[in-house]
Amino acid sequence: MRVMKWSMIALAVAAGTSQFAVASSQDDAKGFVEDSSLKLKTRLEYMNRDFRNGASNSTSGGASGYRQDTGISQLLNYESGFTQGVIGVGLDAMVMGTAKLDGGSGRAGNGLFATDSDGNPEKSQGKSGAAVKFRLSDTTLKYGRQFVASPVFATDDSRLLPEVAEGTLITSKEIKGLELSAGRFTALSSQTGMGKDSINGKHTAGLTSANIAGATYQFTDNFVAGLAASDVDDYFKKQYLNANYTLPINDSQSLNFDLNAYRTKDQGQALYGKLDNKLWSLAAAYSLGAHKFTLAYQQSSGDTNYLYGVDGNSTIFVSNSIQISDFIGVEEKSWQARYDLNMATYGVPGLSFMTRYVYGDNIETTAGTEGKEHEFNFETKYVLQEGPAKDLSFRLRSAIYRANGAYNADYTADNNDVRLIVEYPLSIL
């Protein structure tokens, strides 16, 4: 089956090269140095989680149900251009590190820092990596350490440092409107793990290997659809479907519909345990000038809930995956109402607000009773539009999560989550 998938990709690339690629990205190559970039991203993050109803901080072993951390990180990312010629050659490299500003062993557990042998958060950490890349026409092959954003294999960047995958990724845009991708990854470094393979699965040491493939096609200016699949050795196989359609009404109004669906089944040694899940969501959004109103429905079905993590902690492209919960319990059904406001229309460009509420029920729990959960989020963000600190952003995120006793025992305790993120991206080259 895998050979057939690769053969289809090869045929599509060959057809696109011969029929469409009169002028390609490689034809416009400016050179290794001439088209290079160097960017530095600094992030300051404060995060606290206050677990309610007497819950203890089991992650750190403390009696209190309160976690609080503050830290700063820097990510230096270099991307070269491609050498000129039929096949372009380039190099990408990254260096990153964190420093702890606040947080002790009794309050650890938010995922901002790793802990040492005594259970104390590390004061500083760092890691680096590089990838070599080749380009032929509009097809690029990249091998080494990299960030990945496939719906079936996605590195997470929700804390101080991102996850980093190691492997090979091929991306082809030979045919107008069609993007094909395929890859194989053999290691995944966690956000707090400095080793190249430090992602831990639920029941095992980490990633063995993951083969992925995907295709996205832009049918019209307003309609795009995609398919993706993964084979994570000795864990599971996943298939993914997305369809996104925008219906313009006039210059200030539009409707958008977004469908996402997964199918997951265990395989081999089933290192995550038995898996048999179908998960899908459908969101409808109405935009009216500065305002956007969204309604979404999500459903999980099968013998188990949806699982991810060993294939990247962002591998959850569904509507109701929000700040704390993903609403992916066994047989869970969930509904979302969301409101977004862009203040640029009111004379404050760069300022935005978002609030949403998600309610889930019908969850099958280990206690045999129905599980229920709900979560409220509020978020505001401001990005400086000009001046020496242009693009400096301030983001406040808060969440209130509650579940009934049956689902608290299976998933997590009730908690209040507050995060303040200050980020400054600087383009050096």
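This is a predicted model: local features need pLDDT of at least 70, side-chain atom pairs count only at pLDDT 80 or more; totals for chains, interfaces and linings use all residues.
Residues are numbered from 1 along each chain as its sequence is written, and side-chain values use heavy atoms, with hydrogens and water left out.

Let's start with some strands. Helices (H or I, at least four residues) and strands (E, at least two residues) are DSSP runs, numbered from the N terminus. Two strands pair if DSSP finds at least two bridges between them. Find strand E18, residues 370-383, and strand E19, residues 393-403: they pair in the antiparallel sense over 11 bridges. To see one of these bridges, look at Thr 380, whose partner in E19 is Leu 396. E19 also pairs with strand E20 (residues 415-427), again antiparallel, over nine bridges. Here you can pick out Ser 393, whose bridge partner in E20 is Glu 423. In a regular strand the side chains alternate between the two faces of the sheet.

Next come the charged side chains. A salt bridge is a side-chain nitrogen of Lys or Arg within 4 Å of a carboxyl oxygen of Asp or Glu, and this structure holds 17 of them. Take Arg 263 and Asp 276, whose closest N and O atoms are 3.1 Å apart. This pair links distant parts of the chain, with Arg 263 in strand E13 (residues 253-266) and Asp 276 in strand E14 (residues 276-288), 13 residues apart. How open are the two partners? We call a residue buried under 20% relative accessible area, exposed over 50% and partly exposed in between, using a 1.4 Å probe and protein chains only. Arg 263 counts as partly exposed because its relative accessibility is 28%, while Asp 276 has 15% and so counts as buried.

Arg 338 and Asp 340 make another salt bridge, with 2.8 Å between the closest N and O atoms. Arg 338 is partly exposed, at 26%, and Asp 340 is buried, at 14%. Then there are Lys 390 and Asp 391, whose side chains meet in a salt bridge at 3.6 Å, N to O. Lys 390 is partly exposed at 41%, and Asp 391 is partly exposed at 34%. Salt bridges can also join up: Lys 41, Arg 43, Asp 157 and Glu 423 are linked in a network of them.

Now look for Phe 153, which sits in strand E7 (residues 153-154). Phe 153 counts as buried because its relative accessibility is 0%. Which residues does Phe 153 touch, not counting those up to four places away in sequence? Its contacts (heavy atoms within 4.5 Å) include Val 148, Phe 185, Leu 207, Ile 212 and Asp 311. Ile 212 is 59 residues away along the chain, yet the C-alpha atoms of Phe 153 and Ile 212 are separated by 7.4 Å.

What about empty space? Rolling a probe the size of a water molecule over the atoms shows where empty space is left. On a 1 Å grid over the protein atoms alone, a cavity is a set of points where a 1.4 Å probe fits but cannot get out, a pocket is an open set with protein on both sides within 12 Å along at least five of seven lines, and lining residues have an atom within 4 Å of a point. Grid points are joined across faces, edges and corners, and a volume is the space filled by probe spheres set on the points.

The structure holds two cavities of 30 Å³ or more. The largest cavity has a volume of about 40 Å³, and its lining includes Lys 41, Arg 43 and Asp 157. The second largest cavity has about 30 Å³ of space, with Asp 69, Asn 110 and Phe 113 among its lining residues.

Finally, visit the loop between strand E15 (291-302) and strand E16 (333-342), where you will find Phe 327. Phi of Phe 327 is near 55 degrees, a positive value in a residue other than glycine. Phe 327 is buried, at 0%. Glu 331 is in the loop between E15 and E16, and its phi, near 60 degrees, is positive too. Glu 331 counts as partly exposed, at 23%.
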